[in-house]
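I opened a new page for this one and plan to jot things down as I look them up.

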Amino acid sequence: MFKKWVRRVSLSTTRGFAETTSPTHEKGQDGFANAEALPPTESVAPQSLPEIEESLADADVSIKTARTAASSRSASYDNGIDYDALYEEEEDTDLSMEAHGSMITHLLSQVKIGMDLTKVVLPTFILERRSLLEMYADYFAHPDLFVKISELDDPRDRIVQVCRWYMSAYHAGRKSAVAKKPYNPILGEVFQCHWDLPGETHDAQEVRDGPVPWCRRDQLTFLAEQVSHHPPISAFYAEHYNKKITFAAHVWTKSKFLGLSIGVHNIGEGVVTLVDRSEEYIVTFPNGYGRSILTVPWIELGGSVEIKCPQTGYYANVEFLTKPFYGGKRNKVSAEVYAPSEKKPFVSIAGEWSGLMEAKWHDKNKTEVFVDVNRIPIFKKQVRPIVEQDEYESRRVWKEVTAGLKFNDIERATNAKFVVEQHQRDQAKVRKEYDLAWEHKHFKPVGDNWIYAKPLSQRMYLQEKEAKR
């Protein structure tokens with residue numbers, strides 16, 4: 001049995017998060033949590049929160065449903081569990097839906113073809129042991145390919161390198177051949193990490209005003225934040241200070257039930273910025289599909305992606321190809337890269353995004369290896385220990401769920417997941433009752449986009465302006 005848990009709310013900002021274990025709560029048929037969906041319109045432009053301590057003190061409902069948090073943090077190593085290690089170990093690959101037949105039957109009874117799955121409670125056992133925000137960091141599993149974009153002098157070489165980095169960025173995000181779903185980030189959740197690159201000239205100076213303020217100028221840093229819950233929107237930003245290169249993106253995920261599969265439509269875009277060149281490369285994202293959901297599920301990508309540089313005129317069209325119903329191979333991808341104002345590509349790329357891709361240079365009549373993701377190293381992201389993390393950082397938020405999944409204690413994982421989600425519901429209720437706006441930490445809405453509040457280009461401009469005074 002779990003210890004009695006305490007829900008807590010920071011009365012001045014309504015940002016507190018419960019870092020405790022949970023009781024067994026009421027579940028529906030086959031272990032589904034009877035959790036109601038959160039109210040919509042959680043994405044609100046940043047505003048100053050009014051002082052509400054006195055009002056909350058007078059509100060019996062809020063007092064009964066929220067408690068003042070204990071100030072001490074729980075250690076990364078607790079109750080004999082090394083929580084940090086749980087996130088570093090490989091995922092199990094023996095998931096079979098056939099072993100959970102009654103649960104899947106119950107799930108299918110709740111959905112119809114074409115139905116939006118945003119508010120459908122999925123069974124805990126299909127979860128991957130990490131947050132979606134952490135999965136986005138895998139775009140930089142090959143950070144050397146990313147930073148090399150800034151080192152090339154020819155714009156033609158740069159667009160090709162953008163394609164090489166982008167097309168090799170998806171295989172690392174799949175921990176196993178079996179499709180599992182990462183945790184849905186809670187509103188305000190944050191994930192931070194960095195990478196060390198080999199051969200970099202050591203620079204001990206920290207980038208205190210950067211996205212990960214304890215990191216150095218010679219490291220690639222990454223920051224992600226869940227900026228909206230309904231609709232679910234994630235924003236993330238990466239930069240290498242010395243190379244003067246950044247990547248900023250926002251993704252709105254829309255999931256639909258397709259019968260024997262689940263489709264995830266990724267709406268949004270990302271922008272690679274070369275600060276010294278005042279050059280941008282705008283990219284979109286493919287859709288994801290979970291296939292064979294009644295047996296052994298697997299993931300594939302599908303859809304058209306565009307990569308373009310408005311400043312140079314170079315662009316590329318990338319096509320992620322889904323497997324035909326009969327025959328064919330999985331994970332096929334192709335791309336064609338064009339010079340400005342040209343109707344024929346100067347290079348065509350084809351292969352598998354999970355393996356070998358080859359490039360055919362039309363002006364040279366030559367075919368060569370473009371990239372083989374199985375022959376290049378994956379650089380491990382560096383994440384600070386959970387004991388040092390703030391209460392809204394991903395690994396700290398989900399550590400008890402992760403422990404339950406790791407030790408195959410589905411009841412424990414389900415209960416811990418309920419605590420996280422119920423606390424979010426309580427917070428949303430308080431904000432609605434007192435007409436409070438959510439304050440975003442690192443990103444701000446600009447039209448339909450989400451922009452990092454302190455991009456490197458802006459900081460460099462302000463530094464140069466200050467130096468001229």
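Predicted model: local features only at pLDDT ≥ 70, side-chain atom pairs only at ≥ 80, totals over all residues.

Entry 1: I started with Tyr315, which counts as partly exposed at 25% relative accessibility. What about Tyr338, buried or exposed? Tyr338 turned out to be buried, with a relative accessible area of 9%. I then searched for aromatic pairs and got 25 in the structure. Tyr315 and Tyr338 form one of them, a stacked pair with 4.8 Å centre to centre and 5° between the planes. Tyr315 sits in strand β13 and Tyr338 in strand β14, so this pair ties together parts that are 23 residues apart in sequence.

**Entry 2: the strands around them.** I wanted to know how β13 and β14 run. Strand β13 covers residues 315–321 and strand β14 covers residues 332–338, and the two pair in the antiparallel sense over seven bridges. Along that pairing I found Phe320 opposite Val333 in β14. Which way does β14 pair with strand β15? The sense is antiparallel here too, over six bridges, with β15 made up of residues 347–352. In this pairing, Glu336 stands opposite Ser348 in β15.

**Entry 3: salt bridges.** How many salt bridges does a search of the whole structure find? I got 24. I picked a few to follow up.

- Asp138 and Arg130 form one, with their closest N and O atoms 2.6 Å apart. Asp138 is buried at 7% relative accessibility, and Arg130 is buried at 3%.
- Glu134 and Lys381 meet in another, at 3.7 Å from N to O. Glu134 lies in helix α5 (residues 132–136) and Lys381 in the loop between β17 (366–372) and α8 (394–397), so the pair ties together parts that are 247 residues apart in sequence. Both ends are out of the open: Glu134 is buried with a relative accessible area of 2%, and Lys381 counts as buried at 10%.
- Glu393 and Arg384 form one as well, the closest N and O atoms being 2.3 Å apart. Glu393 is buried at 4% relative accessible area. Arg384 comes out at 18%, and the cut-off for buried is under 20%, so Arg384 counts as buried.

I also checked for shared partners. Salt bridges that share partners join Glu88, Glu128, Arg130, Glu134, Asp138, Lys380, Lys381 and Arg395 into one network.

**Entry 4: charges over rings.** Next I looked for charged side chains sitting on aromatic faces, and noted two. Lys364 lies over the face of Trp361, at 5.0 Å from the ring centre. The charged end of Lys441 sits over the ring of Tyr392, 4.5 Å from its centre.

**Entry 5: nonpolar cores.** Which residues touch the most other members in the largest nonpolar core? This core has 62 residues, and the answer is Phe140, Phe146, Tyr166, Met167, Phe222, Phe247 and Ile307. Helix α7 (residues 155–167) gives the largest share of this core, seven residues. I took a closer look at Phe146. Leaving out residues up to four places away in sequence, Phe146 touches Phe140, Trp165, Leu220, Ile245, Thr246, Phe247 and Val272.

Entry 6: Pro231 has its place in the loop between β6 (219–228) and β7 (233–240).

Asn365 has one of about 50°, although it is not a glycine. Asn365 lies in the loop between β16 (356–361) and β17, and counts as exposed at 68% relative accessibility. Asn408 also has a positive phi, near 55°. Asn408 is found in the loop between α9 (399–406) and α10 (410–433), and is exposed with a relative accessible area of 62%.

Definitions and conventions. Residues numbered from 1 in each chain as written. Heavy atoms only, no water. Salt bridge = Lys/Arg side-chain N within 4 Å of Asp/Glu carboxyl O. Buried < 20%, exposed > 50% of the residue type's maximum accessible area, 1.4 Å probe, protein only. Helix = DSSP H or I, 4+ residues; strand = E, 2+ residues; numbered from the N terminus. Pairing = 2+ DSSP bridges. Phe/Tyr/Trp six-rings, centres within 6.5 Å; stacked < 30°, edge-to-face > 60°. Lys NZ or Arg CZ within 6 Å of the ring centre and 35° of its normal. Core = buried A, V, L, I, M, F, W, Y, C linked by side-chain atoms within 4.5 Å. Contact = heavy atoms within 4.5 Å.
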